[in-house]
Amino acid sequence: MIDLRSDTVTRPSEAMLAAMTRAETGDDVWGDDPTVLRLQARMAQEAGKEAGLFFPSGTQSNLAALMAHCARGDEYIVGQAAHTYKYEGGGAAVLGSIQPQPLDNAEDGSIPLERIAAAIKPLDDHFARTRLLALENTIGGKVLPADYVAKATQLAHERGLATHLDGARVYNAAVASGQPLEALAAGFDSVSICFSKGLGTPVGSVLVGSRALIDAAHRWRKVLGGGMRQSGVLAAACLYALDHNVARLADDHANAGRLAAGLAQIDQVKVMSQATNMVFVQFPQEHCAPLEAYLKERGILTQMLYASRFVTHLDVTAADIDTFVAAVKGYFAR
Ligand SMILES: *Cc1c(COP(=O)(O)O)cnc(C)c1O
């Protein structure tokens with residue numbers, strides 16, 4: 001099957017599985033797992049932060065970070081399109097008693113500075129206390145402009161807010177922009193990074209930040225049920241991915257470009273955007289369900305919506321992209 005639904009669908013390679021099998025392990029709730037400790041230290045160092053913490057999922061890593069930054073009745077400023085706000089079941093509010101203050105994202109994924117400034121509430125008993133600005137990079141595949149990130153995080157800090165980056169795909173941003181992780185993480189008090197997306201591990205996210213922030217998140221991780229035992233087998237997959245699956249993200253970005261260029265040749269298809277490993281496309285509404293079924297019969301998994309998203313990853317080759325484009329052409333040529 002050629003699966004273009006998400007970059008979460010990758011399977012661990014033989015070599016990654018071998019690295020997992022060889023992992024030295026211990027009980028990580030006791031702080032005894034050397035492989036987890038190695039991953040956490042390496043991520044902290046690469047991101048230019050004091051400490052790191054391994055989580056089973058990006059959702060839990062983001063939530064523990066928000067709970068470490070914000071107390072009950074505090075508020076965080078976040079984009080309407082952001083994962084922590086829109087796609088995590090409202091966890092910050094439901095489990096953290098943190099009020100989101102969502103703001104419209106601009107076309108490039110940023111939250112305009114004047115909207116952020118206007119949303120920060122004065123200290124007054126009528127209002128939730130605005131404590132945190134959360135951004136996402138990449139967002140919808142797009143790399144946030146570096147000067148925007150610098151200005152937004154500076155504004156937040158000047159107004160007494162902390163800053164969090166949902167960097168689920170921050171390595172895609174690093175490879176696409178040529179900036180090192182440390183530069184992309186600069187300005188943020190915490191950054192959450194997923195290994196189970198483009199980096200191709202079965203499980204795992206790492207949160208990085210100051211020692212104090214990570215200590216607070218460590219407590220919330222336990223409360224949220226994320227304390228794991230011999231999780232070195234999972235951390236070994238992440239270490240393997242850092243060594244083997246980062247630079248190759250450039251291939252995914254090239255394949256996304258190839259996919260966008262291929263679909264752009266088809267009259268009935270409107271390519272709306274392509275950035276890093278994501279392509280957003282509009283199909284005529286009446287064709288979405290039949291096209292999805294047509295592709296599935298030909299071994300291609302997609303999620304066809306009016307605005308469809310196609311995601312490239314390490315289990316999709318350039319030849320697979322050509323097969324997909326040819327199948328879409330075949331459908332519309334009938
Ligand atoms: C996938 C994703 C997450 C959450 O990761 P899970 O491991 O699926 O919980 C968070 N933020 C963004 C932007 C994501 O794409």
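This is a predicted model: local features need pLDDT of at least 70, side-chain atom pairs count only at pLDDT 80 or more; totals for chains, interfaces and linings use all residues.

**Entry: Asp3**

I started with where Asp3 sits, and found it in strand S1, which covers residues 2-3. Buried or exposed, I asked of Asp3? Its relative accessibility comes out at 11%, and the cut-off for buried is under 20%, so Asp3 counts as buried.

Next I checked polar partners. The side chain of Asp3 makes a polar contact with the side chain of Arg5, at 2.7 Å.

Then I listed what Asp3 touches, leaving out residues up to four places away in sequence. I got Val9, Leu301, Val311, His313 and Val316.

**Entry: strand S3**

I moved on to S3, residues 74-79. How many of its residues are buried? I counted 6 of the 6, so S3 is largely enclosed by the rest of the structure.

I also looked at which way the residues point. Asp74, Tyr76 and Val78 go one way from S3, while Glu75, Ile77 and Gly79 go the other way. Both sets are buried. I noted the background too: side chains in a regular strand alternate between the two faces of the sheet.

**Entry: neighbours of S3**

Which strands does S3 pair with? One is S5 (residues 129-136), parallel to S3 over 5 bridges. In that pairing I found Ala134 of S5 as the bridge partner of Val78.

Another is S4 (residues 99-103), which also runs parallel to S3 and is joined to it by 5 bridges. There, Glu75 stands opposite Gln99.

Conventions:
Residues are numbered from 1 along each chain as its sequence is written. Side-chain values use heavy atoms; hydrogens and water are left out. Helices (H or I, at least four residues) and strands (E, at least two) are DSSP runs, numbered from the N terminus. Buried means under 20% relative accessible area, exposed over 50%, partly exposed in between (1.4 Å probe, protein chains only). A polar contact is a pair of N or O atoms within 3.5 Å; within protein, one must be able to donate a hydrogen and the other to accept it, and residues adjacent in sequence count only if both atoms are side-chain atoms. Contact means heavy atoms within 4.5 Å. Two strands pair if DSSP finds at least two bridges between them.
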